[in-house]
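Please read each point beside the structure shown here.

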Amino acid sequence: MGFFNALKKGLQKTRKGFFGKVVSILKRGKVDEETLEELEEILISADVGVETTLELLEDLRREKPDDPLGFLKEKILEILNFKTDLNLPEIPPSVISVVGVNGSGKTTTCAKLARIFIGDGKSVVLAAADTFRAAAIEQLKFWGEKVGATVISHQEGSDPAAVAFDAVKHAKARGKDVVIIDTAGRLHNKKNLMEELRKIHRVVNKEIKGAPHEVLLVLDATTGQNGLVQAKIFKDIVDVTGIVITKLDGTAKGGIVIAIAKELGIPIKFIGVGEKEEDFRQFNAEEFVEALFAE
């Protein structure tokens with residue numbers, strides 16, 4: 001099954017719950033105030049966000065397009081249309097820091113990214129810098145073995161920056177292509193988290209100028225608007241360069257993808273729509289919009 005079919009299947013709950021209704025309403029062709037009110041309720045319920053919803057509806061009201069459905073798809077595409085390629089240096093190793101709250105799918109995302117790079121013929125080092133949870137270290141070791149990546153880890157409770165430093169040193173010494181750092185995400189202690197992430201990034205930047213080259217924030221789609229709140233906190237803490245949205249198949253409120261892109265102005269670079277290998281892929285705005293409104 002190709003990724004588009006996996007995406008359509010993954011967005012089934014969102015489509016059945018909300019966007020299918022949008023298609024039915026706009027296929028009537030006329031956009032009057034009653035129609036706009038119906039749409040407002042549906043889009044806000046789908047977690048598109050109040051601000052984004054009102055802007056989309058204002059565009060519909062003002063333009064009065066002949067093809068309102070096509071017009072709405074075009075407007076959503078404009079919101080989502082960022083450059084999704086990773087900004088990696090020409091000379092390896094590339095360093096990617098993966099951040100997000102615990103439970104968002106961060107460690108699994110590290111493994112899935114590693115698998116993509118390894119599939120492209122690159123060598124990968126995984127840094128187990130979430131040293132506060134023994135389970136996270138063990139999980140990363142398990143994944144490393146499974147996908148064929150080297151895992152650098154220390155004991156539970158050790159300094160996360162020291163793990164990141166060792167991983168980068170190892171990659172440089174052995175001529176490895178990519179370092180992916182799995183970080184902790186304990187938001188209840190924001191000050192510590194902030195210091196910890198900044199220290200990790202400072203340490204790797206000392207070793208490799210410009211590193212980390214990407215800071216990917218992992219968000220669990222099932223948390224909806226709460227994910228947006230988390231994203232704003234992480235954006236304040238570190239320079240987030242891209243978003244990874246996981247578990248899109250588990251929510252009927254996939255509109256959160258639109259809200260995140262619009263309100264944060266950060267590109268969505270990867271999405272996950274299931275557990276299988278092929279269910280995690282680089283984000284493609286056109287495919288996403290097509291799958292969202294597919295009949």
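Predicted model: local features only at pLDDT ≥ 70, side-chain atom pairs only at ≥ 80, totals over all residues.

1. Pro-93 is situated in the loop that runs between helix H5 (68–80) and strand S1 (94–99). Helices (H or I, at least four residues) and strands (E, at least two) are DSSP runs, numbered from the N terminus. The peptide bond between Pro-92 and Pro-93 is cis, with omega at about 5°. Pro-212 belongs to the loop between helix H9 (190–207) and strand S5 (214–220).

2. Residues are numbered from 1 along each chain as its sequence is written, and side-chain values use heavy atoms, with hydrogens and water left out.

3. Most residues other than glycine have a negative phi, and most peptide bonds are trans. Lys-64, although not a glycine, has a positive phi of about 45°; Lys-64 lies in the loop between helix H4 (50–63) and H5. With 61% relative accessibility, Lys-64 counts as exposed. Lys-247, likewise not a glycine, has a positive phi of about 60°, and its place is in the loop between strand S6 (242–246) and helix H11 (256–264). Lys-247 counts as partly exposed at 32% relative accessibility. Here, buried means under 20% relative accessible area, exposed over 50%, and partly exposed in between (1.4 Å probe, protein chains only).

4. How do H4 and H5 pack? Their angle is about 135° and their axes are 11 Å apart. Axes are lines fitted to C-alpha atoms, for helices over the stretch in contact, and angles run from 0 to 180 degrees between N-to-C directions. H4 is therefore oblique to H5; angles under 35 degrees count as roughly parallel, over 145 as roughly antiparallel, 65 to 115 as roughly perpendicular and the rest as oblique. H4 passes H5 in a right-handed crossing (a crossing is left-handed if the near helix is turned anticlockwise from the far one by less than a right angle, and right-handed if clockwise). From H4, the contact (heavy atoms within 4.5 Å) involves residues including Leu-56 and Leu-60, and from H5 residues including Phe-71, Leu-72 and Ile-76. By class, the contact of H4 with H5 has seven nonpolar, one polar and three charged residues. Ala, Val, Leu, Ile, Met, Phe, Trp, Tyr, Cys and Pro count as nonpolar, Asp, Glu, Lys and Arg as charged, and the others, Gly among them, as polar.

5. The model contains an open sheet of eight strands in the order S3-S2-S4-S1-S5-S6-S7-S8, with mixed pairing. Strand S3 (150–152) and strand S8 (280–282) are at the edges, each with a single partner strand, so one side of each has no neighbour in the sheet. Two strands pair if DSSP finds at least two bridges between them. On average, neighbouring strands of this sheet are turned by 20° against each other, direction ignored.

6. Strand S2 (residues 124–128) and strand S4 (residues 178–182) pair in the parallel sense over five bridges, and Val-125 has Val-179 of S4 as its bridge partner. Helix H7 (residues 134–147) packs on the sheet and touches S2, S3 and S4; its direction makes about 165° with that of S2.

7. Is S6 buried or exposed? Five of its five residues are buried. On one side these are Gly-242, Val-244 and Thr-246, and on the other Ile-243 and Ile-245, so that both faces are covered. S5 and S6 run parallel, joined by five bridges, and Leu-219 stands opposite Ile-245 in S6.

8. Ala-111, in helix H6 (residues 106–119), is buried with a relative accessible area of 0%. Not counting residues up to four places away in sequence, Ala-111 touches Trp-143 and Val-147.

9. Helix H10 (residues 225–237) and H11 pack at an angle of about 30°, with their axes 10 Å apart. These two helices, H10 and H11, are therefore roughly parallel to each other. H10 passes H11 in a right-handed crossing. Residues of H10 including Leu-228 and Ala-231 meet residues of H11 including Ile-256 and Ile-260.
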